Structures are given as structure tokens and as C-alpha cells.
Amino acid sequence: MEISIVGSGYVGTTVAACFADLGHDVVNVDVDEEIVTAINDGDAPLHEEGLPELVADHAGPEGTGRLRATTDYTAVLDTDVTFLCLPTPQNDDSSIDLSVMEAGAAQLGQTLADKPDWHTVVVKSTVVPGTTEEAITPIVEAESGKRAGEEFGIGMNPEFLREGTAVDDFRNPDKVVLGADDERALGDMCAVFEPLIGQSEAPVVETDTRTAEMIKYANNAFLASKISLINDLGNICKEFGIDAYEVADAIGLDDRIGEQFLRSGVGWGGSCFPKDTRAIISAAEATGYDPTVLTAAVELNDHQPERLLSLLDDHVDVAGKRIAVLGLAFKPGTDDVRNSRAIPVIEGLRERGAEVVAYDPVATANMRERFPNLEYAESAAAALDGAHGAVVVTDWDEFAALDEAFDAMADPVVVDGRRIIERRDGVIYEGLTW
Ligand code: UDX
């Protein structure tokens with residue numbers, strides 16, 4: 001099929017390259033000339049495992065030619081389906097900011113006014129229930145002068161891609177959710193995903209756009225709450241002197257619970273869980289409903305970094321002392337520091353008057369934008385050298401291999417928020433939930 005993707009961020013670019021790899025002809029539309037040039041040169045514009053190979057295979061000079069990028073919206077006219085992959089950032093009141101989506105929908109609508117035949121528009125961005133139907137569809141209708149369901153189709157197809165494993169997650173989905181408000185749009189979406197469904201045998205959920213929107217939030221809210229619940233239980237375990245990981249391993253054997261997402265510690269961060277949980281709480285509250293469990297899940301997550309620091313307080317008065325923070329990325333395998341638990345940890349240490357020295361194998365540059373005046377070490381060993389305490393915030397494998405580096409600490413106190421450091425003689429070791 002001929003597919004256009006509006007937005008070349010992390011989702012848009014990954015999905016475009018993966019669709020091209022499935023055999024479709026794909027054009028990526030973005031306002032950023034640098035991104036467009038990079039893709040057309042066969043270079044991935046962002047860091048994501050497996051993406052450089054896909055972009056080179058399909059967009060580069062040696063590529064299949066099935067992927068290209070442009071700043072020109074009229075490129076959508078030569079396609080059958082357009083996916084809107086634009087950002088929906090968070091407003092100060094936790095609701096989502098739809099301005100970029102609305103502007104994209106308007107431009108798409110204006111462009112489609114010149115298309116004589118049917119076109120399907122699919123929202124892929126994460127938007128609260130009702131947004132596609134009540135906000136996006138009317139804009140496309142008004143700007144194109146066409147009627148949804150008659151002259152163009154509207155669909156919603158949420159993504160469940162994790163940073164760092166997005167290409168693999170695309171190829172091996174647990175499910176494909178196709179929300180559509182008319183049969184023809186659903187047919188087009190099925191045709192787009194047909195090669196993927198054929199090769200992955202993923203179950204397909206066919207539904208309406210509102211339900212598809214809610215499935216995305218429910219998925220992320222459930223996973224975030226699962227981690228908050230295991231963190232709550234982990235905090236209880238710690239009080240009783242019980243190892244929460246042994247407990248998690250045992251309860252994970254129950255199929256109804258499942259073994260994944262049971263790693264307790266300093267909590268969840270990233271660009272999705274924090275934003276999505278708050279957005280669905282805010283949307284629910286706007287209806288008059290107060291989602292108590294979800295609200296508690298967010299509160300518990302906000303509190304875990306302080307629990308980590310209070311464990312350090314039990315051993316060291318950090319005021320005026322050098323304290324190492326190991327790990328700045330919100331999870332291993334990425335340089336993304338958005339909503340990383342390292343941020344409240346660093347803030348809490350600074351409020352206590354500590355001299356923070358931070359280390360991360362790849363995320364230093366991004367954290368430097370957030371905390372320009374922090375000391376950043378070149379290695380974990382350099383951060384530990386002379387430190388009166390260390391906290392571990394990201395479970396990078398290289399931290400598991402640290403050994404003699406602890407000998408260089410002024411006070412060998414380590415509080416591990418991710419269960420990655422091995423206990424060893426001579427080190428006072430505190431696990432957050434074990
Ligand atoms: C998430 C969802 O998994 C994905 O489906 C969605 O589309 C986007 O949001 P991502 O944010 O990339 O993906 O990261 P994920 O691997 O889910 O981890 C999120 C956070 O939870 C990280 O901070 C991680 O450290 C934390 N986490 C995860 C735990 O604390 N414990 C766990 O057991 C698992």
C-alpha cells in the first residue's frame with residue numbers, strides 16, 4: 001500500500017521504517033528539514049536499536065526506495081492512508097496538549113481537499129478517549145470540505161512500542177489494535193497490517209476509535225500501577241526484612257499475575273507512563289470520576305525516590321558530602337532522561353546539601369541540559385572515588401560488574417534502587433525493597 005506518516009519523531013520514524021520493511025511504499029512528512037534530509041540519506045534521525053539498518057535498507061542510496069521523507073504535505077495525495085504520529089505533550093494541569101495534533105489535522109484536511117478519491121486518516125498519537133471523534137475528525141472535515149465515513153475514513157491505531165526495543169516490539173506485537181468509525185477505514189487499516197499479522201500471528205482487536213484510545217491508556221496505566229503495587233509490597237517487605245524479589249518470583253508463577261513488570265525499586269519514568277497516567281486521571285476527573293487506585297499509583301511512584309534517600313540518610317549525613325548517583329537514563333538501553341527517577345533523587349540530594357557527582361554511560365549530555373551545574377564523572381569508578389555514599393537509579397549491566405571501585409569510596413555506603421549491585425564485604429549495602 002501507499003502510506004504517509006505525518007511526524008518523524010521516535011514513533012513516526014520507527015513505524016515508517018517498519019512499514020517499508022513490510023513491503024509498503026512509505027513517505028514520512030515532517031517540518032524538520034534536518035530529519036527529512038537524514039532519512040533521505042539513509043540515516044536514522046534518532047537512536048533506536050535496529051532502526052539505522054532499516055532506514056539504510058529502504059531510504060538510503062542503496063536502499064529499496066520504499067521509504068522517503070519530505071516537508072511537503074502534498075505527498076499524502078499519492079497515498080491511500082495517512083498515520084498521524086505527532087506529539088501530544090503534557091499541559092501544566094496534566095491534560096494533553098492537542099495543539100500540534102490539531103495543526104497537523106488542519107494541514108492534512110486542507111491537503112485532502114484536492115484529493116478526488118477516498119483516503120483514510122489514522123491517529124497513532126496517544127490521545128484521550130473521544131479525541132479522534134470529537135477533535136480530529138471535525139477539523140479534517142472542516143478543512144477538507146469532505147464528510148467522514150463518506151469521502152474519507154477515520155481510524156485510531158495505538159502503539160505499544162518501548163524505547164530501545166521499538167523495532168522488535170513492532171515486529172512481534174502482543175496485539176494489533178485497530179479502531180475505526182467506518183468499515184472502509186477498518187478495511188484500509190487491515191490491509192496495512194496484513195503482512196505483519198501474517199508473519200507475527202498477533203491477535204487483532206477490531207473496535208471503534210474511542211475504545212482504541214482507551215486501550216492505550218489502560219495498557220500503560222495497568223503496567224505503571226503493577227510496578228507501583230510491587231513497589232508498595234516491596235516497601236512492606238523491606239520493613240519486615242523480607243526480600244521482595246523472592247516474593248515477586250513466587251507470585252509471578254501465578255499466570256493471573258505474570259512474571260513481567262515485577263521489578264520493584266525506585267519507580268517508573270520515561271516519556272509514557274508518567275504522562276499517560278496523569279492524562280487519563282485528568283480526563284477521568286473532568287467527567288466527575290475520581291480514579292483512586294491510579295492516583296495512588298502515581299503518588300507512590302513520586303514517593304519512591306524519597307524512600308531511597310531516607311535509606312541513605314540512615315547511614316550518612318549527606319550535607320557537604322560527595323554523593324555518587326549511578327545511572328541517569330529512565331531505564332537502561334536509552335539516553336532518554338525524561339521523568340527519570342534520577343531527577344528527584346538529584347534534587348533531594350541537593351536539598352540536603354550534598355555535592356552530587358553523577359554518572360551514566362550514555363545519558364550525561366541529556367541530563368546536563370536539566371542540571372548544567374552538576375559534576376558529571378567519566379566512569380562509575382570515577383564517580384565512586386572519594387564518595388561518602390552512592391545511590392543506583394538505573395539498572396545498567398556495567399554496574400553489576402563494579403567491584404574494586406567501591407574500595408575508593410570515602411564511606412562505602414551503597415543504596416541500590418534497581419537491584420543491580422552485588423553485595424560485597426566492606427560495603428554497607430541497602431536494597432530499596434530487599
Ligand atoms: C512504555 C510501555 O512499556 C510501552 O508499551 C508504551 O507504548 C510506552 O511506554 P517505555 O516507557 O519505553 O515503554 O519503558 P518500559 O520498558 O515500559 O519502562 C518504563 C519504566 O518502568 C522504566 O523507568 C523502568 O525502569 C520501569 N520499570 C519497568 C520498573 O521499575 N520495573 C519493572 O518491572 C519494569
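This note sets out points on the strands, aromatic pairs and ligand surroundings of a predicted model.

1. Basis of the values. The model is predicted: local features need pLDDT of at least 70 and side-chain atom pairs count only at pLDDT 80 or more, while totals for chains, interfaces and linings use all residues. Residues are numbered from 1 along each chain as its sequence is written, and side-chain values use heavy atoms, with hydrogens and water left out.

2. Strand β4. Helices (H or I, at least four residues) and strands (E, at least two) are taken as DSSP runs, numbered from the N terminus. Strand β4 spans residues 81-84.

3. Neighbours of β4. Two strands are said to pair if DSSP finds at least two bridges between them. Strand β1 (residues 2-6) runs parallel to β4 and is joined to β4 by four bridges; within this pairing, I3 is opposite V81. Strand β5 (residues 119-123) also pairs with β4 in the parallel sense, again over four bridges. V81 stands opposite T120 of β5, and L84 has V123 as its bridge partner in β5.

4. Strand β5 and its burial. Five of the five residues of β5 are buried. H119, V121 and V123 point one way from the strand, whereas T120 and V122 point the other way.

5. From β5 to β6. Strand β6 (residues 152-156) is parallel to β5, and five bridges join the two.

6. Crossovers. β4, helix α4 (residues 99-112) and β5 form a right-handed β-α-β unit. A further right-handed β-α-β unit consists of β5, helix α5 (residues 131-144) and β6. A crossover counts as right-handed if, with the strands pointing away from the viewer, the path from the first strand over the helix to the second runs clockwise.

7. Aromatic pairs. Rings of Phe, Tyr and Trp (its six-membered ring) pair if their centres lie within 6.5 Å; planes under 30 degrees apart count as stacked, over 60 as edge-to-face and the rest as tilted. By this rule there are eight aromatic pairs. In one of them, the ring centres of F19 and F83 are 5.2 Å apart and the planes stand at 50°, so the pair is tilted. This pair links distant parts of the chain, as F19 lies in helix α1 (residues 10-21) and F83 in β4, 64 residues apart. F19 is buried, at 0% relative accessibility, and F83 is likewise buried, with a relative accessible area of 0%.

8. A second contact of F19. The rings of F19 and F193 have centres 5.6 Å apart and planes at 75°, so this pair is edge-to-face. F193 lies in helix α7 (residues 183-200) and F19 in helix α1, so the pair ties together parts 174 residues apart in sequence. Both F19 and F193 are buried. F19, F83, F170 and F193 form one aromatic cluster.

9. Charges over rings. A charge sits over a ring if NZ of Lys or CZ of Arg is within 6 Å of the ring centre and within 35 degrees of the ring normal. K175 lies over the face of F160, 4.2 Å from the ring centre. The charged end of R370 is placed over the ring of F371, at 4.9 Å from its centre.

10. Oxygen atoms of the ligand are placed 3.2 Å from a polar backbone atom of F160, 3.4 Å from a polar backbone atom of L262 and 3.1 Å from a polar side-chain atom of R418.

11. The six-stranded sheet. An open sheet of six strands has the order β11-β10-β9-β12-β13-β14, with parallel pairing. β11 (375-376) and β14 (428-431) are at the edges with a single partner strand each, so one side of each lacks a neighbour in the sheet. Within the sheet, β9 (residues 322-326) and β10 (residues 355-359) pair in the parallel sense over five bridges, with V325 opposite A358.

Methods:
Buried < 20%, exposed > 50% of the residue type's maximum accessible area, 1.4 Å probe, protein only. Polar contact = N/O pair within 3.5 Å; in protein donor to acceptor, adjacent residues only side chain to side chain.
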